[in-house]
Amino acid sequence: MTAVSNFTTDLFIDGGWSGGGAGTFESFDPSTGDKLADIASADAGDVDRAVAAAQAALTGSWAAVPPSRKGQLLNRLADLVERDTEILARFESLDMGGLFFLGKMMFVPNLVASLRYYAGWADKINGETLPNDGYMGRPTFAYTRREPVGVIAAIIPWNAPLMILGWKLAPALATGNTVIVKPAEDASLSILHLARLVEEAGFPAGVVQVLPGLGAVTGEALTTHRGIAKVSFTGSTAVGRRILVNSATDFKRTTLELGGKSPQIIFGDADLESAVGGAAMGLFTNSGEVCAAGTRIFAHRSVYDAVVEGLGAAAKAQVLGNPFEESTTMGPLVNAKQKERVLGYIAQGKSEGARLVEGGIDDDRRGHFVRPTVFAGTNDLTIAREEIFGPVGVVVPFDDDAEAVALANDSEYGLAATLWTNDLGRAHNVAAVLQAGAVAVNGWSPLAPQLPWGGVKASGLGRELGYEGILANTEAKTVTIVL
């Protein structure tokens, strides 16, 4: 079965469902190019209504919910997500072309884990008592309160919508904020179904609202609205810069998880079978449409030829096709524009003299498919400098640890990095000097709600997940009582 029924296509505002002031936009199945649905598109007026409802809930019905009850509601939502795992995973695969298996076994469970982790935090968010020197010779009692930031706009990408929404939604709700969710145009259906579950779980009206729509209309209205206290965005660096400019007008808080060009360093002492298999996972998972995709593979010269050969074989072994078929290991890219973008980078890699190891061609089946591609080359190639967001990687040799670090850090991005080595000292020493928000050793990009996530340089600002997620969604207020 490759289809699901009962699409939810309306806006979810103030606990009710309605059409969009900007009409509708079309959603397509990237595996076939067929139309899936017409989805309501929010305009500035819809954003105004949603912000008003969110502000009312923030200081009214949601503020009145005790912390332990907030945790119960988050756990109830997690229960409903678990119940509807297959439905949510099917919507996500239909919408953005990712493997149904990946959604069912990773993306939806990660959402559940985030909801449950932050449910446990809801009644444990404490301030501090602060010893100090007093006030004009009199003692004082000083303490801090951690209070909600306010109404948060969560702007979600299309490559892993439910998982990434969980990173934003769960800590925001646990800390008492209200949230307006703007899904990506190419992947709204799974998040709209989640809004049904929010309603079923019993959250007060206005606490969570979902406004699908176009970035230039809905996204712009949210990021410029003076009733929005914070914008949490995951997506491209270019859009992140635009959001940061918009936020400056009224000093909105921002969390920006942006692009990446993550290095994977394979040292000469690594377990080659594990390293090549893991590097292939980091390169090809979700058709390479991953911010943390390990698309720059640096291999020690002693193992360089073996790594190139192994990754080429891994690319050749990928089975492209229907994301609902068990035999499929790689689905389509999200849309025709992304396919053309990826093919353009492949052509540029060839024209700049990179050696094509495997792939490099359009896949001639219906839908937006591109054969996974491996190049051998240097770190100054365009395909090694710019984020492609597709299954394209380049393997580059290095001679010593210092050169490996220099190559890895020679990028405008700094989201993640992976090291493959059996030398524990090397792992710690290299991890300490890599310019990345997260470093994994002998495994590609481990994700868990307990582990902070975010980047440096052009990969963004701030952190999500872990206790950092609590700090990112609260403000510290200092209270000093002169005794």
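Predicted model: local features only at pLDDT ≥ 70, side-chain atom pairs only at ≥ 80, totals over all residues.

Q: Where does Trp17 lie?
A: Trp17 is in strand 2, which covers residues 16–18.

Q: And what is Trp17 in contact with, leaving aside its neighbours within four places in sequence?
A: Its partners are Thr8, Asp10, Leu11, Phe12, Leu192, Ala195, Arg196 and Glu199.

Q: What span should helix 6 have, and how far apart are its ends?
A: Helix 6 runs over residues 189–201, and at 1.5 Å a residue it should span 18 Å. Its end C-alpha atoms are 19 Å apart, so the two agree.

Q: What comes just after helix 6?
A: Gly202, and it takes a positive phi of about 100°.

Q: Now helix packing. How close do the axes of helix 3 and helix 6 come, and at what angle do they cross?
A: The axes come within 8 Å and cross at roughly 155°. The cut-off for roughly antiparallel is over 145 degrees, so helix 3 counts as roughly antiparallel to helix 6.

Q: Which residues make that contact?
A: On the helix 3 side they are Ile87, Leu88, Phe91, Glu92 and Asp95. Helix 6 brings in Leu189, Ser190, His193, Leu194 and Leu197. By type, the contact of helix 3 with helix 6 divides into 6 nonpolar, 2 polar and 2 charged residues.

Q: OK, on to the nonpolar core. Which residues touch the most other members in the largest one?
A: Leu77, Val81, Leu173 and Phe203 do, out of the 76 residues in that core.

Q: What does Val81 touch, not counting residues up to four places away in sequence?
A: Val81 touches Leu88, Val108, Leu111, Val112, Leu115, Leu194 and Leu197. There's also a second, separate core of 28 residues, including Leu333, Leu381, Ala404 and Ala436.

Q: Switching to loops, where is Asn132?
A: Asn132 lies between helix 4 (100–121) and strand 5 (140–148). It is partly exposed, with a relative accessible area of 40%. Not counting residues up to four places away in sequence, Asn132 touches Thr140 and Ala142.

Q: How far is Asn132 from Pro109?
A: Their C-alpha atoms are separated by 45 Å, and the two residues are 23 apart along the chain.

Q: What about phi for Met136?
A: Phi of Met136 is near 50°, a positive value in a residue other than glycine. Met136 sits in the loop between helix 4 and strand 5. At 72% relative accessibility, Met136 counts as exposed.

Q: And what is phi for Asn442?
A: Near 60°, again positive in a residue other than glycine. Asn442 is in the loop between strand 18 (438–441) and strand 19 (456–457). Its relative accessible area is 41%, so Asn442 is partly exposed.

Key
Residues numbered from 1 in each chain as written. Heavy atoms only, no water. Helix = DSSP H or I, 4+ residues; strand = E, 2+ residues; numbered from the N terminus. Expected span 1.5 Å × (residues − 1). Core = buried A, V, L, I, M, F, W, Y, C linked by side-chain atoms within 4.5 Å. Buried < 20%, exposed > 50% of the residue type's maximum accessible area, 1.4 Å probe, protein only. Contact = heavy atoms within 4.5 Å. Axes fitted to C-alpha atoms, helices over the stretch in contact; angles between N-to-C directions. Parallel < 35°, antiparallel > 145°, perpendicular 65-115°, else oblique. Nonpolar A, V, L, I, M, F, W, Y, C, P; charged D, E, K, R; others polar.
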